[in-house]
Structures are given as C-alpha cells and as structure tokens.
Amino acid sequence: METDQQEESIMPPPTVHQPSMLCESANSSQGLYTPQVKNDLIPKINQEFDSLEKVQVFYNRYAKEGGFSTRSHSSRKSTVDVNVIVRKEFCCYKQGLRVQKITQPNIRRRGITRENCRAKLAVVRKGEKYVVSQFVEDHNHSLASPRRAHLLPSYRKVSAAKKALIEQLSAANVPTCQQMTICELESGGIENVGCSQQDLYNYKRDKKMTVDGHDANMLYEYFQSEKAKNDGFTFTIEKDDADRMTHCFWADATARKSYKYFGDVMVFDTTYNTNRYSTIFAPILGVNHHRQTTLFGCAFLCDETSETFEWLLKEWLKAMPAGPPKMIITDQDLAMTKAISIALPNTLHRYCMWHITNKFSEKISALAYKEHYAEFKNCIFPRPLNNSRLDG
C-alpha cells in the first residue's frame, strides 16, 4: 500500500489545454483535431484583408487544406451606414446543433451535419480594412483526408464549363452516371471534377423547376421562331378553359414537301405515357422512294378519343400541300377507325400487319401457332409471281 501511495504522490498533475495569444481552444474537452497545414495558410490575429470576399477565399483555402468545410455564421452592420458590415464571422460547417422537429416525420435518415464545433474566424472593420480579431483553430470532430476534401460542401460546385458539357451530353441522351465518368476523364481524376454525381442530378432538377409551368409557352415561342425562319413551317395549338395546352400539331417544310411526293400511303400510330407529361405522341409517317421512313407531321394529344383523332387528321390535311392519301395504315383502335371514316372518307383504311400477327399468339395456343405458322404466313404474305408469269 505504501508503494502505491508513493507512486501516486510523484505523478504530475494533469495538463489542461490553454488558449494561446493567437489561437483560442474550441473547448476544454479531449479529442480535439488541429488542421495540419502550412504556416502561411493559417489565419493570424491582426491579419488584414481588403474585403470580406478575400477573407472568405483565404479561410476556404485554409479549410480545404485542413479537411473541413466552412459557412457564413453571423454579421453585424454599422449603425451609421447599414450597407457596411463592421463584423463578420465564418465558422466550421459543423458548428451548432441540429434540432429534430417532432412535428415533421423523419422522411429520410441523414448523417450528422452539426456537432457543435467551435472553430471559427472573426474579422472586424478598421478603416477600409478587415482585421482578424478572433481565430479558433481546433475542431471537435475528425477532419477529411486530402483525397476526400473535394467532397466537402464548400468546394463542390458545377462550373459553367461543366454545365455546358452536361447540356451537350444530355442532348445526346447520355445518362448522368456516364456524364460523371466523362467529367472524371476530362479533369484527370475524380478529385479534380469539382462536384459529385449528386450535384449533377441536383443541377438538372433545379433547371427543370425553372421552366415548370412555362413549358407550353416556351413551345409556342419556339414554334413562332421556326415559322419566322421558314414560312413552310405550320403549327396549331389547342387550349382548354384554364388556358392549358390540350392538343398540338406541327409540320415543317420538309415534311410537307415529302408528303407532296410520297403521300399516297401514310402510317398513323400513337405512343402513350412515354414522357413526364403523360401526353400522347402521334407521328404521321410514310415511306420514300429509298424505302426509308419519312415524316409527314407530329402531334401531342391529351387523349385517344375519336374527336381528338378527327381534329388531328383535319388539321394535318389542311397543312398538307396535296389531297388526302390513297391508303392509311393504323392499329385496330376503334376511336381511330371512327375518326378516319369521318375525316378521310375516301381513303382506304387498312390495319397494321404487325398488330394482326401479334394477336395470333394471344388467340391460339403456342403449339397450334407453331404447327400452323407456315399456313398463316402463306395467307398473309402470298408467294410472288414467278418471272414466266410476269413475262406473260
């Protein structure tokens, strides 16, 4: 027992972290993390800056090297001139504590973004300069490594060059994940991109929100500009009582010219719910002398009723330079059949062969379909006449 008491008596008292003249301690608890950066990047008391922007740039550079993110905390304006800021504080991104609101349900679980960190930089205005008056260096949380510093919120930004590149890649239907890979290759590594893949998604989301509610007006303005460039462009837009677009038809000069030469047979079909507006896209197609698909016009429709199809066919017929086609091929839609009989009474209407053959497997068993496939094929596609019969 005496030996233990003697050992305890000679042990030195515990040391306490004391604040220095140039740097204050964040708190007196253990587990403090001090950024390891070059001395010329560390802010110092009485250091002068020409503007608050330069203060923020300097502190952000120090923070990025140190492995933490920053944000603007508080400011105080002059009592003489409210446009002049006399004191400004920049703090660590994890300053303060986030209060959980009980009234709102927890929709998604997020990581800890506030840990009551006391690290900060404060400047005061003296004359025309801003002088560092307070600098707390230590953090109560772990710091990011240099390879992960670019992922901190303060240093992630989609630059103008990246936005232009994203627009071009999106126009080419390149997925966002592949766009990020292209940006990595272009920048020489993921740490040099300057943003994350989620930032690209957020940029696209924000851009869509800027045009939300103005899409129809933008489409109308685009059609007006196309018509000003070429008188051969024509379009028609129908609206409802709430001034919302319901139907839209357009055809350019190339489509109208194509119909003049190849408009004897046309194909009419619709695609449903293939865009975020849940509108129906109705292209009107034909075949040219090279057996290539050619376009005679397009439309957006709000429904697939016979009245809507009748409106489209009449508007399309008014826009075409020639008369009605000799034949029209569609699927077995009853509303479309009724509209064609009204709008194009003298046009021969035939059903699409693809839709007919697809129903074979639905109406009969797979075994019977396989057994009688050759007979079905001969009925639908009869053998061509041989050369002797053609010569005769």
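Two strands count as paired once DSSP finds at least two bridges between them. I keep that in mind for everything below, and note that this is a predicted model.

**Entry 1: around strand 11**

I started at strand 11 (residues 293–301) and looked up its partners. Strand 9 (residues 280–281) pairs with strand 11 in the antiparallel sense, over two bridges. Phe281 stands opposite Phe300 of strand 11. Strand 7 (residues 245–251) runs antiparallel to strand 11, and three bridges join them.

Next I took strand 10 (residues 284–287), which is antiparallel to strand 11 over four bridges. Here Leu285 has Leu295 as its bridge partner. I followed the chain from strand 10 into strand 11 and found a hairpin with five residues between the strands. Arg291, in the turn, has a positive phi of about 60°.

What is the strand order? I read 1-5-4-3-2, in an open sheet with antiparallel pairing. Its edges are strand 1 (48–49) and strand 2 (70–77), each pairing on one side only.

One more step along, strand 4 (residues 120–126) pairs with strand 3 (residues 85–92), antiparallel over five bridges. I noted Phe90 opposite Leu121 in strand 4.

I then picked out Asn60, which sits in helix 2 (residues 52–66). Leaving aside neighbours within four places in sequence, Asn60 is in contact with Thr70, Ser154 and Tyr155. With Thr70 there is a side-chain to side-chain polar contact of 2.3 Å.

**Entry 2: helix 3 on helix 4**

I checked helix 3 (residues 160–171) against helix 4 (residues 176–187): they pack at about 135°, axes 11 Å apart. Angles over 145 degrees would count as roughly antiparallel, so I call this pair oblique. The crossing is right-handed. On the helix 3 side I listed Lys162, Leu165, Ile166, Leu169 and Ser170, which meet Gln179, Ile182, Cys183, Glu186 and Ser187 of helix 4. I sorted the contact residues into five nonpolar, three polar and two charged.

**Entry 3: helix 8 on helix 9**

Last, I looked at helix 8 (residues 306–319) and helix 9 (residues 334–343). Their axes come within 8 Å and cross at roughly 40°. The limit for roughly parallel is under 35 degrees, so this pair is oblique as well. I read the crossing of helix 8 and helix 9 as right-handed. Helix 8 contributes Ser306, Phe309, Glu310, Leu313, Lys314 and Leu317 to the contact, and helix 9 brings Ala335, Met336, Lys338, Ala339, Ile340, Ile342 and Ala343. I sorted these into nine nonpolar, one polar and three charged.

Notes
Residues numbered from 1 in each chain as written. Predicted model: local features only at pLDDT ≥ 70, side-chain atom pairs only at ≥ 80, totals over all residues. Heavy atoms only, no water. Axes fitted to C-alpha atoms, helices over the stretch in contact; angles between N-to-C directions. Parallel < 35°, antiparallel > 145°, perpendicular 65-115°, else oblique. Left-handed = near helix turned anticlockwise from the far one by under 90°. Contact = heavy atoms within 4.5 Å. Nonpolar A, V, L, I, M, F, W, Y, C, P; charged D, E, K, R; others polar. Polar contact = N/O pair within 3.5 Å; in protein donor to acceptor, adjacent residues only side chain to side chain.
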